[in-house]
Amino acid sequence: MIELLSNTVALSRMQFALTAIFHMLWPVLTTGMAIYLVIVEGLWLKTRNPDYYHHARFWSKLYVLNFGIGVASGLPMEFQFGTNWAPFSEAVGDFFGSILGFEGAMAFMLEAGFLGIMLFGWGRVHPVIHYLATIMVAFGANLSTFWILVANSWLQSPAGGEMVNGKFVVSDYFQAILNPFMVKSVSHMFFATLETSLFVIGGISAWYILNNRHEAFFARSLRIVLAAAIAVTPLQIYIGHLSAEQVYHYQPTKLAAMEAKWETSPAGQPADWSLLALPDESGEKNKWEITIPNALGYILEFKPKLSEPVLGLKEWQPSDRPRMVGLIYYSFRIMSGIGFFLAGLMLWSILQWLLGNLSPEKIAQQKWFLRTWIFAAPLGYIAVESGWIVRCVGRQPWTLYGQIRTADAASQLPASNVLTSLTLFAVVYSILFVSTLYFGSRIIRHGPNLELPVPGLENQPAIETEPATFVPNQRPVEAQQ
Amino acid sequence: MDALLHFLPQVWFVILGLFLFLYVMLDGFDLGVGILSLTSSNEERRSLLMTSLGNIWDANETWLVVMGGALFGAFPLAYGTILSALYIPIFMMIFGLIFRAVAFEFREHSNRKLFWNVAFGSGSFLAALGQGFALGSVIEGIAVDEAGHFIGSTWDWLDWRSLLVALTLIQGYVLIGSTYLILKTEGELQKTHFRTAKLAAVTTLIGAILITIATPVFYETARTRLFSPPLLYIFATIPLLGLLLVWLLLRSLNREEERTPFIWTILIFLLTFIGLGLIVFPYIIPTQITIYQAAAAPSALVFMIIFVGFLIPIMLFYNIYQYVVFRGKVAGSAYGD
């Protein structure tokens, strides 16, 4: 323990992991939810049905709460490359730094520059301009995903240049951007943000319906979510499969850890697939294991026999392969398990829809159906975090796969500095996490304000609401106390 | 080719200067308003202060992210060396900005506002303090070996000169924050900030004079550069212009003009920036590593000019558009609901 606390590299890694895991929680929702906001605002402009307008206003409250924490926790992500990973920054700045620069100038600024109009500009700009602002926010957020995943994919499968005297010299920037992992990783993350957001919106909608609040209003959002989930959930599983196939070809050490495979399975033969196991790193074996015979070929390639060998961890020196095999192994299973569960929930929901059980009159009676949706709300986050653990812990001991070791990438700082900042992050982020849950649930308990005047429709009678559940939630809050 | 090798880093030095200036000016008034909120007498005033920033603070903060990314890509060596050398002030700034940012979101929904008021005010103060120490120690110089790697100690950034710079920067932020509030508020609140602006103008001036005297006295490199023509004439003009601008600022404050104090303050910031830029140039890690030594490969600099450079006018355009949409005085609620 003392050894760990005086090890700058380990502390810097822990700090990066902690800040990244915490940061990921917020943009994963805002990026996907921005697309949902574009959809409902577009539906409002097209149909002029005030429900859609109120959906845009209600969900954007949760959006901005998450966005604020995302902005705040994003700063340390960028600056840590300089503070804690200075040798890495120097070695890869030509490409990696440029990409972070693009992300800031192209994506992040676009999102921030139009966010004010999207949130506060309703009465100030024409609805079409407002819609353009919402589109720009969504576009900016998803461009961010693109550039960050370009940068991270390049760490997984470096391309477009080579290491010369400890510095990565880029010969072809476009080849580096279009590195082998890029397309599939960007798609996997794009659908991950979308899927997480869909099930959060769906889960919250289900909670309202279950509690008999605004059933018709939230049946609408649940149906939008469901329509999108029909495409998103199976596609995400398929892209996930393609991503695993890439790991098989480009990162054999990671695949071996994902499968807790110690011994090599040769090409041209079937191999067993491990369903559950207890990996034992010091003994270089699994203490126990439940396997499905001959399944690995089908899982990796839809074929009974492997076309390439699947290398076992023992093929490498312990210093050249990832540690924490159990973490990688179970994170992978949790992520894929959630992917299949959400697809299953989608199929069940479609069946209910076809049976007519999701009509506004009947939907509130589907108690178990609604409870399952509420249960599914946080699953997307868990899957995303698990996926990133597989991706980045599985990449070890490399920061730039096969080129720069993590141990060589860290700044030589006094361990006490990093320990202090790490402790502060742990404390501050715990407070922020609890506070966000508290205030988020408060927004949800307050519910939508269906009395908000709809732009351009001020003179029309208000739509049906239930006065008993109406809670005013406006600024300044002093007026309510 | 040789000319190009010199030209590209210079272009990036100017672009980074622009990003940093935009950040210091724009988030400067955000942080200034935050620091001023610590002295607000009541909740209603604090609400107005925060509402005046509600729609723009995060676009303003984003200039820091843009600047960081551009520095990382254009001068990777400087990015690693400076940030790891200034570990403590950088994390002071980061934690300060985190508190400031979350206060905006949480205060809105909270019944007990005191905690988030303190987070907003002290976060702004802490961020400004960290930035001031970082700026002060970069001007002073960072101890590096021949390859540009940091060889100093973790507390090198802390001495009375960087403290002087930090305190002056805080005064400057309070000044620009006050003049911004003069622009955005009316009545009693505006009157208060005519007073804080005058006070901050005087304290900023004192700090600036002390820094101007201390810089050539204590730093040999600055001295040799400052007192040799043709730069001598430029450096002689800057303090004179500065005094003129401060006089114009104080005059406009005495006349209770609404817009001009903000404009004079921006010009004072700009002038200071040009002065600092001239002292630092051509170093990116003062006082040893030049922009030519620390620059990324020419192909990287060109690549970034193509992708980032053409976005500068676009970014400026939609940021200005946002200010136009939200022009005028702040009233009660930013959400409008």
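Trainee: What percentage of the 481 residues of chain A count as buried?
Mentor: 50% of them do. A residue is called buried if 20 or more other C-beta atoms lie within 10 Å of its own, exposed if 12 or fewer, and partly exposed in between, with C-beta atoms placed from the backbone. Two housekeeping points first. This is a predicted model, where local features need pLDDT of at least 70, side-chain atom pairs count only at pLDDT 80 or more, and totals for chains, interfaces and linings use all residues. Residues are numbered from 1 along each chain as its sequence is written, while chains are lettered from A and ligands numbered from 1 in the order in which they are written.

Trainee: Why does B:Leu48 count as buried?
Mentor: B:Leu48 has 20 C-beta neighbours inside 10 Å, so it counts as buried. B:Leu48 lies in helix H2 of chain B; helices (H or I, at least four residues) and strands (E, at least two) are DSSP runs, numbered from the N terminus. Leaving aside residues up to four places away in sequence, B:Leu48 touches B:Thr185, B:Leu189 and B:Val330. A contact here means that the C-beta atoms of two residues, placed from the backbone, lie within 7 Å.

Trainee: How do you know that chain B agrees with a compact globule?
Mentor: With 337 residues, a compact globule would have a radius of gyration near 20 Å, and chain B has 20 Å, so the two agree. Chain B is made up of 14 helices and 2 strands, and 54% of its 337 residues count as buried. Its C-alpha atoms fill a box of roughly 60 × 40 × 40 Å along the principal axes.

Trainee: What makes H4(B) mostly covered?
Mentor: In H4(B), 10 of its 10 residues are buried; among them are B:Tyr79, B:Gly80 and B:Ile82.

Trainee: Which residues of helix H13 of chain B are buried, and why are they said to line one face?
Mentor: In H13 (residues 298-309) of chain B they are B:Ala300, B:Leu301, B:Phe303, B:Met304 and B:Val308. Seen down the axis of H13(B), they fall within an arc of 160°, so they line one face of the helix. That arc is the one spanned by the directions from the helix axis to the C-beta atoms. The buried residues of H13(B) pack against elements of both chains, including helix H5 (86-120) of chain A and helix H14 (311-325) of chain B.

Trainee: How many residues of chain B are in contact with chain A?
Mentor: 61 residues of chain B are in contact with 65 residues of chain A. H5(B) gives the largest share of the chain B side, 15 residues.

Trainee: Where in chain A does pLDDT stay under 50?
Mentor: Over residues 458-481 of chain A. pLDDT is the predictor's confidence in each residue, from 0 to 100. Where pLDDT is low, the predicted coordinates should not be read in detail. The mean for chain A is 88, with 95% of its residues at 70 or more.

Key: Rg over C-alpha atoms; globule rule 2.2 N^0.38 Å.
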